[in-house]
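My notes follow the order in which I checked things.

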Amino acid sequence: MDTLSLFFTASLVAFGLYWFICILGSAEQKGKSAVHLSGGSISADKVSDNYNQYWSFFRRPKEIETADKVPAFVDTFYNLVTDIYEWGWGQSFHFSPSLPGCSHHDATRAHEEYAVDLLNVSPGSRILDAGCGVGGPMRAIASHSGARVVGITINEYQVNRARLHNKKAGLEKQCEVVCGNFLHMPFEESSFDGAYSIEATCHAPNLEEVYSEIYRVLKPGALYVSYEWVTTELYRGDNPEHMEIIQGIERGDALPGLRSYDQIAEIARKVGFEVLKEKDLAEPPAGPWWSRLKMGRIAYWRNHIVVTVLAWLGIAPKGVVDVHKMLFKTADFLTRGGETGIFTPMHMILCRKPEQAAAQ
């Protein structure tokens, strides 16, 4: 092979690798590149140990049923998965119904905007994002509504990522991020004009405690909307396949235990909320929310090769490969949960704190 042919071949291979990793992949589009994958606040040499620690929680199930153990459990999980989520999925760590003629990005944005539209807040209102992640929904909601959004997340690494994204988007004055536990929030009573949580309260061992805290910080008459992960009326606890699917979702997503759809409104009323509306947003005519997971199988294998090579080269922590593999297995359980209809990640409940609550 002459020099020109060798140069042409090498250039073609180099371009192919660049296209394979950066163009075809989602990394550069979503704000996190593959070469910067990390274990969040965990040092690179401890990622594998922390991955094993995460799985040890499931060998001691009673420890993830108590509020004092869950923060460490969830914090470890999000240190492990935040970079991979952001790289492979985007800055909004949630699902959305697929919409005809719309991209995944547009469907996600519509799902987030619908939440704040339900709150009926005006520009300048102060609203709470309970479980804000890296702030994808926060920025979409702030831009759409003009409201000032205060987000809270248990994970310090996510706080730093959210603040970085807020600054890049020019929304750092409109979006505030606080590191804390939404079971014990550092906010004054009756200090928010509205609140929302998007697929976040599923991490709480006791939903009543989260709802009580959100109720406490809302002003009388203010609204709260939540998208909850629940089992549906089709779930059967004595069906081995159903149990396998739900346990797979719980273990791969740091959930102390999924709740049933019929428990949500009951819990909301118990803490004092008036329940205005309740609906599974995954029901027809909504398109399947899990279609993005099925379409992403090729992307998974592409990304897994990238992660494996980067770990082998010492660029990415070795434990990241195990985390990526875990998330792929979890995606399969989530897909099966959607296809069988026994699970939904978007059981919507809209509540109001009564006006007379001011006298309580």
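Predicted model: local features only at pLDDT ≥ 70, side-chain atom pairs only at ≥ 80, totals over all residues.

Residues are numbered from 1 along each chain as its sequence is written, and side-chain values use heavy atoms, with hydrogens and water left out.

Helix packing. I looked up helix α4 (residues 70–88) against helix α13 (residues 319–340), whose axes come within 10 Å and cross at roughly 75 degrees; helices here are DSSP runs of H or I with at least four residues, strands are runs of E with at least two, and both are numbered from the N terminus. The axes are lines fitted to C-alpha atoms, for helices over the stretch in contact, and the angles run from 0 to 180 degrees between N-to-C directions. The helices α4 and α13 are therefore roughly perpendicular to each other. Taking contact as heavy atoms within 4.5 Å, I listed F77, L80, V81, I84, Y85 and W87 on α4 and V320, V323, H324, M326 and L327 on α13. By class, the contact has 10 nonpolar, 1 polar and no charged residues, where Ala, Val, Leu, Ile, Met, Phe, Trp, Tyr, Cys and Pro count as nonpolar, Asp, Glu, Lys and Arg as charged, and the others, Gly among them, as polar.

Salt bridges. I searched the whole structure and found 7 salt bridges, each defined as a side-chain nitrogen of Lys or Arg within 4 Å of a carboxyl oxygen of Asp or Glu.

One of them joins R336 and E244, with the closest N and O atoms 3.1 Å apart. This pair links distant parts of the chain, as R336 lies in helix α13 and E244 in helix α9 (residues 240–252), 92 residues apart. R336 has 21% relative accessibility and counts as partly exposed, a class lying between buried (under 20% relative accessible area) and exposed (over 50%), computed with a 1.4 Å probe on protein chains only. E244 is also partly exposed, at 41%.

I next checked R352 and E274, whose side chains meet at 3.0 Å, N to O. They too link distant parts of the chain, R352 in strand β8 (residues 343–352) and E274 in strand β7 (residues 274–280), 78 residues apart.

Last, I noted E113 and R109, a salt bridge at 3.0 Å, N to O, with both residues in helix α5 (residues 104–119), 4 residues apart, about one turn of the helix.

How values were computed:
Parallel < 35°, antiparallel > 145°, perpendicular 65-115°, else oblique.
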